[in-house]
Amino acid sequence: MGRVTERRRTIRIRDGAVSTRPDTLVAEEPLEIRLNGKPLAITMRTPGDDFALAAGFLVSEGVIGDRGDVRSIVYCAGATAEGVNTYNVVDVGLAPGVEVPDITLERNVYTTSSCGLCGKASLDAVRTTTRHPVADAPPLRIGPALLSALPDRLRASQRVFDRTGGLHAAALFSESGELMDVREDVGRHNAVDKLVGRALTDGRLPLSRSVLLVSGRASFELAQKAVMAGIPVLAAVSAPSSLAVDLAAETGLTLVGFLRGPSMNVYAGEHRIALDAAQPTGTVSGDAVS
């Protein structure tokens, strides 16, 4: 099975001095996800948590929504012509009676580590109907001070990033700021799928009392994954995309971007942010608070 990190020879140049030494790099290998034995998608990922990754991917695609929907998840033996098990092919067997949407079987997706939507026929194809609508009752109330502390807690838990500097991370926090789970991967969407897949296998969906924090930007796809898992708050240390903001506004997701220290922008779902706990020093325009 592939390792999380690998060593490669590198030439280092520092202030004109040249030296040769090994460097630790994050591993990147393809993972083919099969559904009931039929190829469905290929994603470039960091090996590890592959079963959770496959399960989380199927949650975001609307195929499954509960651990009872899954009969089995296994590595495919003899995945190569030589009969070698590469541990890079996973087959998810659905439980009897679980209906498979036609769209998931008709398309074959190549998903890069930077874009999980490559191969989608249209924007409408990813607006799948979630089994876990964002319906936290009573709504979460998250203070800006609590949100501002989360990136440092995430960073302190990134063990592989410390060795490679080349991984994205996603973390789930409770409404009180407790770190519930964290996953790293070369692809930010894979890191989220690993979180969601683990929650599914543990019987914790929907994640209706949690905050999802991602180490990069908030794309449409990450907003979609949060909605599909019933997560009410998505926060990112970088910018959101316009489509992510649109989706958040449509579904009731709270979307926070540029979460850096005490500063942040709230783009949608501001009713969950305890603004009365912050000093109003900025202006309000549309759905964003800056």
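Of the 290 residues of the chain, 50% count as buried. The model is a predicted one. The chain holds seven helices and 15 strands. Its accessible surface comes to about 13300 Å², and 51% of that surface belongs to carbon and sulfur atoms. Among contacts with a separation of 6 or more, 53% are between residues 24 or more positions apart.

The buried residues are Asp-50, Ala-52, Leu-53, Ala-54, Ala-55, Gly-56, Phe-57, Leu-58, Val-59 and Ser-60. They pack against strand 3 (29–35), strand 4 (38–45), strand 5 (70–75) and strand 6 (89–94), and also against helix 5 and helix 6. After helix 1 comes Gly-62, which has a positive phi, near 80°.

One of these partners, helix 5, can be described through its geometry. Helix 1 (residues 50–60) and helix 5 (residues 188–201) pack with their axes 6 Å apart, at an angle of about 95°. An angle from 65 to 115 degrees counts as roughly perpendicular, and helix 1 and helix 5 are therefore roughly perpendicular to each other. On the side of helix 1 the contact is made by Ala-52, Leu-53, Ala-55, Gly-56, Phe-57, Val-59 and Ser-60, and on the side of helix 5 by Asn-190, Asp-193, Lys-194, Val-196, Gly-197, Arg-198 and Leu-200. By class, the residues in this contact of helix 1 with helix 5 are seven nonpolar, four polar and three charged.

Helix 5 also meets helix 6. The axes of these two helices come within 10 Å and cross at roughly 5°. With angles under 35 degrees counted as roughly parallel, helix 5 and helix 6 are therefore roughly parallel to each other. Arg-188, His-189, Val-192 and Asp-193 of helix 5 make the contact with Glu-221, Leu-222 and Lys-225 of helix 6. The contact of helix 5 with helix 6 has two nonpolar, one polar and four charged residues.

Helix 6 in turn packs on helix 7. Here the axes of helix 6 (residues 220–228) and helix 7 (residues 242–251) are 7 Å apart, and the angle is about 25°. Helix 6 and helix 7 are therefore roughly parallel to each other, and helix 6 passes helix 7 in a right-handed crossing. Phe-220, Ala-223, Gln-224 and Val-227 are the residues that helix 6 brings to the contact, while helix 7 brings Leu-243, Ala-244, Leu-247 and Thr-251. This contact of helix 6 with helix 7 has six nonpolar, two polar and no charged residues.

Helix 3 (residues 144–156) has its own set of buried residues, namely Pro-144, Leu-147, Ser-148, Leu-150, Pro-151 and Leu-154. The buried residues of helix 3 pack against strand 8 (168–174), strand 9 (179–185), strand 10 (210–214), strand 12 (254–260) and strand 13 (263–268).

Strand 10 contains Ser-210. Ser-210 has a relative accessible area of 1%, under the 20% cut-off, so it is buried. Leaving aside neighbours within four places in sequence, Ser-210 is in contact with Leu-140, Leu-172, Phe-173, Met-180, Ile-231, Pro-232 and Val-233. Met-180 is 30 residues from Ser-210 in sequence, with a C-alpha to C-alpha separation of 8.8 Å.

Several loop positions also deserve a look. Val-100 lies in the loop between strand 6 and helix 2 (102–106), and is buried, with a relative accessible area of 18%. The C-alpha atom of Val-100 is separated by 8.6 Å from that of Ile-64, 36 residues away along the chain.

There are also cis peptide bonds to point out. The bond from Ala-137 to Pro-138 is cis, with omega near 0°, and Pro-138 is in the loop between strand 7 (109–111) and helix 3. The bond from Leu-205 to Pro-206 is cis, again with omega near 0°, and Pro-206 lies in the loop between helix 5 and strand 10.

Tyr-87, with phi near 60°, is in the loop between strand 5 and strand 6, and is partly exposed, with a relative accessible area of 31%. Phe-258 has phi near 50° and is found in strand 12. Phe-258 is partly exposed, with a relative accessible area of 30%.

Methods: Residues are numbered from 1 along each chain as its sequence is written. This is a predicted model: local features need pLDDT of at least 70, side-chain atom pairs count only at pLDDT 80 or more; totals for chains, interfaces and linings use all residues. Side-chain values use heavy atoms; hydrogens and water are left out. Axes are lines fitted to C-alpha atoms, for helices over the stretch in contact, and angles run from 0 to 180 degrees between N-to-C directions. Helices (H or I, at least four residues) and strands (E, at least two) are DSSP runs, numbered from the N terminus. Angles under 35 degrees count as roughly parallel, over 145 as roughly antiparallel, 65 to 115 as roughly perpendicular and the rest as oblique. A crossing is left-handed if the near helix is turned anticlockwise from the far one by less than a right angle, and right-handed if clockwise. Contact means heavy atoms within 4.5 Å. Ala, Val, Leu, Ile, Met, Phe, Trp, Tyr, Cys and Pro count as nonpolar, Asp, Glu, Lys and Arg as charged, and the others, Gly among them, as polar. Buried means under 20% relative accessible area, exposed over 50%, partly exposed in between (1.4 Å probe, protein chains only). Accessible areas come from the Shrake-Rupley method with a 1.4 Å probe; for residues, only the protein chains shown count as cover.
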